[in-house]
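Reader: I am new to this structure. Please show me how to read it, one feature at a time.

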Amino acid sequence: MLNIVLFGPPGAGKGTQSEKLIAKYALVHLSTGDILRAEITAGTALGLEAKKLMDQGILVPDEVVIGMISNKLDANKDTNGFIFDGFPRTVAQATALDTLLASKNSAISMMISLVVADEELKSRLLLRGKDSGRADDANPAIIEKRIEEYNSKTAAVASFYETQNKLKSINGIGSIADIFTQICLTIDSNK
Ligand code: AMP
């Protein structure tokens, strides 16, 4: 299986690049942000709880997202592999993901990390907020909080995969097409 963690701060382009990668490599896209937003739309208890945190730019508890990913892995047993987008976001999530995959005789193939400076992220997210309809994109203080959560809790996940020799960093500034080409070259030479 080809299991890719697409990593980077909010606004790095993970969602955009995931869409292109799933088409090219026939992978299942698992975005915890998208799954949580679907729960909110469906009005589930989990969605209502998660919304309170998401609207403030705070991460939802590890056990919530780990449970969601576990269900999705079980529901897609016959896939070529997965793109994990916005997950894992803490070292505890990364450890749990390794355990879940190992129990299915699988593993993460590599982490692709999109590197984008904070100032660029802020302007991209504010722009996206104009039509994404996402409350957490439109407000500068919430954007600031999301970047702070990334720096304090998520950035360490890159070191977790670096220790396993799986970290591949890519410049996330440039045209969508050029960044996609760089990602594909990295995948093809490491899979
Ligand atoms: P995203 O769509 O990836 O930007 O995620 C939007 C929000 O959903 C985040 O700010 C968090 O509140 C929540 N979220 C998404 N994925 C995770 C995760 N893996 N762990 C914790 N919270 C998450």
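Author: Helix α2 (residues 32-42) packs with helix α4 (residues 62-75) at an angle of about 95°, and their axes are 11 Å apart. This is a predicted model, where local features need pLDDT of at least 70, side-chain atom pairs count only at pLDDT 80 or more, and totals for chains, interfaces and linings use all residues. Residues are numbered from 1 along each chain as its sequence is written, and side-chain values use heavy atoms, with hydrogens and water left out.

Reader: How are α2 and α4 oriented to each other?

Author: Two packed helices are described by the angle between their axes and the distance between the axes. Axes are lines fitted to C-alpha atoms, for helices over the stretch in contact, and angles run from 0 to 180 degrees between N-to-C directions. Angles under 35 degrees count as roughly parallel, over 145 as roughly antiparallel, 65 to 115 as roughly perpendicular and the rest as oblique. Here, α2 and α4 are therefore roughly perpendicular to each other. The names come from DSSP runs, numbered from the N terminus: helices are H or I with at least four residues, strands are E with at least two.

Reader: Which residues make the contact of α2 and α4?

Author: Contact means heavy atoms within 4.5 Å. From α2 come Thr 32, Ile 35 and Leu 36. From α4 come Val 65, Met 68, Ile 69 and Lys 72. The residues of this contact divide into five nonpolar, one polar and one charged. For those classes, Ala, Val, Leu, Ile, Met, Phe, Trp, Tyr, Cys and Pro count as nonpolar, Asp, Glu, Lys and Arg as charged, and the others, Gly among them, as polar.

Reader: Which residues of α2 are buried?

Author: Buried means under 20% relative accessible area, exposed over 50%, and partly exposed in between (1.4 Å probe, protein chains only). In α2, the buried residues are Thr 32, Gly 33, Ile 35 and Leu 36. Seen down the axis of α2, they fall within an arc of 165°, so they line one face of the helix. The arc is that of the directions from the helix axis to the C-beta atoms. The face turned away from the buried side carries the exposed residues Thr 41 and Ala 42. The buried residues of α2 pack against β2 (28-31), α3 (45-54), α4 and β3.

Reader: What is Thr 32 in contact with?

Author: Thr 32 lies in helix α2. Thr 32 is buried, with a relative accessible area of 3%. Leaving aside neighbours within four places in sequence, its contacts are Val 65, Met 68, Ile 69, Asp 85, Gly 86, Phe 87 and Arg 89.

Reader: How far apart are the end C-alpha atoms of α5?

Author: The expected span of a helix is 1.5 Å times one less than its number of residues. Helix α5 (residues 91-102) has 12 residues and should span 16 Å; its end C-alpha atoms are 17 Å apart, which agrees. In α5, Gln 93, Ala 94, Ala 96, Leu 97, Leu 100 and Leu 101 are buried. Those buried residues fall within an arc of 165° seen down the axis of α5, so they line one face. They pack against α4, β3 (82-85) and α9 (156-163).

Reader: Which residues are buried in α10?

Author: An α-helix has 3.6 residues a turn, so residues three or four places apart point the same way. In α10, Ile 179, Phe 180, Ile 183, Cys 184, Thr 186 and Ile 187 are buried. They cover an arc of only 160° around the axis, which puts them on the same side of α10. Asp 178, Leu 185 and Ser 189 are exposed, on the face turned away from the buried side. The buried residues of α10 pack against β1 (4-7), α1, β4 (110-115) and β5.

Reader: Which peptide bond is cis?

Author: Most residues other than glycine have a negative phi, and most peptide bonds are trans. The bond from Phe 87 to Pro 88 is cis, with omega near -5°. Pro 88 lies in the loop between β3 and α5.

Reader: Where does Ala 26 lie?

Author: Ala 26 lies in the loop between α1 (14-25) and β2. Its phi is near 55°, a positive value in a residue other than glycine. Ala 26 is partly exposed, with a relative accessible area of 46%.
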